[in-house]
Amino acid sequence: MTRKGKQLEMYSASMLLSLHMAAKRDFGSFHSSNVQETYKYSREFPNNYILSYNVQIYMCSNFPSQSDVHAVLYYHKDYIPPLFPFQIPEYDFGSLDSLQFGKECREKCFMLEEDCTFINHGAFGGVLKDALDIAQKWQRYIERQPLRFFDRELLPHLVYVTRRLSKFIGCDAQDVVLVTNATTAINTVVRSAVKKLLRQVCTETGTVLQEEKVEFPVTGKQQIISLVKSTLKSGTKLAVFDHIPSNSPLILPIKEIIQVCHERNVPVLIDGAHALGSVPLNLRSLDADYYVSNAHKWFCCPKGAAFLYVRKDLQKSTRPLVISHGFGSGFNSEFIWAGLHDYSPFLAMHVVLNFWEGIGSTKIQQYMCQ
């Protein structure tokens, strides 16, 4: 390589530390890219991005300026994940293929006491041991230099984990935001638990609340669908359904219910607090207007992690309960920073995603339903 080529390699490597700062500024820290833009990039930057892009940058006729580097990268619309400050556990499917669910899995992967057969993840969850360890590592790392972390590092890491989660639940990254729990997500939708909140809103606004009872035993999903068809009134402003009710092991036929509601132009909020991890999710296929779920229950994430999905055409009218610096900069930007709090449960979600992807969601969920 020529001397100019070596200079270029060093130059482009350093430039990648501040890749997106040359373009229009919007909400983001002083040293990270615009938050909203990074959700939209369709593919991830290759791991060997410095070498692969050296070639393209070197082909510029003149020694590239900062804007030249950005022009190449923005043209390709590639997303560049941030680097982790420490090793994140990964789970190879082959090494975990022999893992026995039950006692062996509890001892290796969880912190549950040995004299209890714990089956109620639907209450307050049961965290993966590695995920809790990583959450605590994040907490210690943050305190080494809090200003650097919150000002320069946090937002890119939140974008990254949101992008990964969106793939797992089958939606676009720009349609989902991280929140601390499903209750917060539901409050966000209804005001821009559920029964108490709806009753309170009705008291404040004069709105009429309609509730319907499901008769047990349930004979099949058609019983639920017929109930919705016969009772859903025209002019309903919002229909709210549990994906899995908290007090019964019943999976509602959500896809069919959503179709009934949409045929009558009624928007739908699905409370999937117990769904993430316990059933396969593909939010594109479900086509709900709003969907919320917790990550600490069956997904086994550290407590304080959940998500809110909002259909694109409803995002401008959906505001976070806490208005902060991202206001007016886009749906994701408005939710990503809710003031100073513990973000480590979100950041530890990488471990949980690695676990589910390593073993396989289908294998885990088949065991859960046995």
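Colleague: Is the crossing of α9 and α17 left-handed or right-handed?

Modeller: Left-handed; the term applies if the near helix is turned anticlockwise from the far one by less than a right angle, and clockwise would be right-handed. Bear in mind that this is a predicted model, where local features need pLDDT of at least 70, side-chain atom pairs count only at pLDDT 80 or more, and totals for chains, interfaces and linings use all residues. Residues are numbered from 1 along each chain as its sequence is written, and side-chain values use heavy atoms, with hydrogens and water left out.

Colleague: At what angle do helix α9 and helix α17 pack?

Modeller: Axes are lines fitted to C-alpha atoms over the stretch in contact, with angles from 0 to 180 degrees between N-to-C directions. Helix α9 (residues 146–169) and helix α17 (residues 349–359) pack at about 25°, their axes 10 Å apart. So α9 is roughly parallel to α17 (angles under 35 degrees).

Colleague: Which residues of α9 and α17 make the contact?

Modeller: Contact means heavy atoms within 4.5 Å. From α9 come H157, Y160, V161, R164, L165 and F168, and they meet M349, H350, L353, N354, W356 and E357 of α17.

Colleague: And how many aromatic pairs are there?

Modeller: Rings of Phe, Tyr and Trp (its six-membered ring) pair if their centres lie within 6.5 Å; planes under 30 degrees apart are stacked, over 60 edge-to-face, the rest tilted. That rule gives 18 aromatic pairs. Y291 and F307 are stacked, 6.1 Å centre to centre with 15° between the planes. Y343 and F346 are edge-to-face, at 6.2 Å and 65°.

Definitions and conventions. Helices (H or I, at least four residues) and strands (E, at least two) are DSSP runs, numbered from the N terminus. Angles under 35 degrees count as roughly parallel, over 145 as roughly antiparallel, 65 to 115 as roughly perpendicular and the rest as oblique.
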